[in-house]
Structure formats: C-alpha cells, structure tokens
Amino acid sequence: MPAIGISCYEPTSSYNPKDKLLCYNLYQLKILERELSTNDMIKQRQTCNKSTLLGGCLPYNADYGYAIFGIIDKQNVILPLRLKVDRSDEPNPSLGASPVQMQDTITVFNLVLGRNYVLLRYKSYIEVPSSGNATAFLSSRYYKRHNFRATNVIYVYADPEKILSNGTTYYRCVCVS
C-alpha cells in the first residue's frame with residue numbers, strides 16, 4: 001500500500017493512535033484515510049474486517065513499512081528532485097498477479113544555468129550515501145548515471161529503464177561543475 005501522507009491528531013513527534021495514514025490500495029485511484037489504531041488499521045489478519053480494497057490491516061507485531069523522515073544529506077550536496085510514475089495502480093501481488101513496469105520521470109529543481117550535473121540511480125537504499133561531497137556520490141555504488149547540463153533551473157528526465165511495481169529505485173542528483 002503506497003502511503004502518501006500522515007495526518008497528525010496533535011503536532012508531536014510521538015505516535016498517537018488517532019493519527020491517520022493516507023494511502024492508496026493499489027487497485028483504485030482513491031485516497032484512503034485510516035486511523036493508526038488497534039480499533040481500525042492495526043489488527044491481526046484473523047481479526048481484520050477491512051478488505052484489500054479498503055486498505056486491509058497492518059499486523060500489530062510485524063513491521064512491513066518504512067517511516068520516511070526525509071533524505072539524509074549532511075553536506076547539502078544533492079539537489080531536490082521529484083519522482084513520478086505513470087501508474088497509480090498495480091496488479092494485486094497477494095493474489096499472485098505479476099508486477100508491472102512503470103515509466104518513471106524525474107524532475108530536478110534548483111539548477112544553476114550552465115553547470116553540469118549527474119543524476120544517479122540506485123537499486124537499494126543501502127547503496128545511497130548519506131554524507132560526503134559530490135565525489136563521494138560519484139564513487140558510490142550507483143546502478144546507472146545520466147549526465148546533463150542545465151539549460152533551465154528545472155530539468156525533466158524520462159528514464160528509459162522502467163521501474164517494476166514491486167521493486168525499489170532511488171535517485172540522487174549532484175553538481176559536478
């Protein structure tokens with residue numbers, strides 16, 4: 001289930017069972033809003049009364065998700081970017097359906113005209129550096145690289161290699177001149 005946001009009941013940094021998860025169910029372009037409590041979303045499979053179309057349930061004593069607090073970039077080397085895919089749905093893998101390929105488009109922001117940049121693609125978060133200068137990123141274990149020169153403050157790149165809906169892909173962009 002792709003989570004697209006959290007609505008906090010109270011603005012604190014700790015868990016509140018009244019916090020709500022905003023997500024898609026993978027099968028419809030409809031935002032679901034579910035309370036992160038044992039009364040609604042946090043239940044064992046046997047006691048879950050929500051179908052997969054309604055988002056199902058998350059087990060109480062298992063972790064199948066990630067909390068995203070932001071990109072770690074201690075030296076402020078990477079540029080802001082946005083990843084967009086051409087689908088908002090996918091086949092239901094829990095029913096044995098095969099994953100689909102999604103066209104990914106990356107938009108890089110805050111470029112300086114005339115400078116050279118490198119867009120790096122990674123297969124795993126483990127390979128993405130969290131510190132270092134541009135040289136450290138360029139010597140990391142990236143999967144693919146795409147070089148470009150800024151002719152605008154925004155650059156849009158449609159990666160010719162698609163992303164599988166059941167996979168992970170990470171991008172970082174650094175200035176090299």
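A cavity here is a set of points, on a 1 Å grid over the protein atoms alone, where a 1.4 Å probe fits but cannot get out. Grid points are joined across faces, edges and corners, and a volume is the space filled by probe spheres set on the points. This is a predicted model, where local features need pLDDT of at least 70, side-chain atom pairs count only at pLDDT 80 or more, and totals for chains, interfaces and linings use all residues. Residues are numbered from 1 along each chain as its sequence is written, and side-chain values use heavy atoms, without hydrogens and water.

How many cavities of 30 Å³ or more does the structure hold? There is one. The volume of the largest cavity is about 40 Å³.

Its lining, meaning residues with an atom within 4 Å of a point, consists of Leu-119, Leu-120, Arg-121, Lys-144, Arg-145, His-146, Tyr-157, Asp-159 and Tyr-171. Four of these are nonpolar, one is polar and four are charged; Tyr counts as nonpolar, and Asp, Lys and Arg as charged.

Strands are DSSP runs of E, at least two residues, numbered from the N terminus. β7 (116–122) and β8 (144–149) each give at least two residues to that lining.

Now the sheet. Two strands pair if DSSP finds at least two bridges between them. The order is β8-β7-β11, an open sheet of three strands with antiparallel pairing. β8 and β11 (170–175) are the edge strands, each pairing on one side only. From one strand to the next, the twist averages 20°, with axes fitted to C-alpha atoms and angles running from 0 to 180 degrees between N-to-C directions.

Between β7 and β11 there are six bridges. Tyr-117 has Cys-175 in β11 as its bridge partner.

Definitions and conventions:
1 Å grid on protein atoms, 1.4 Å probe; cavity = no way out; pocket = protein on both sides within 12 Å on 5 of 7 lines; lining within 4 Å. Helix = DSSP H or I, 4+ residues; strand = E, 2+ residues; numbered from the N terminus.
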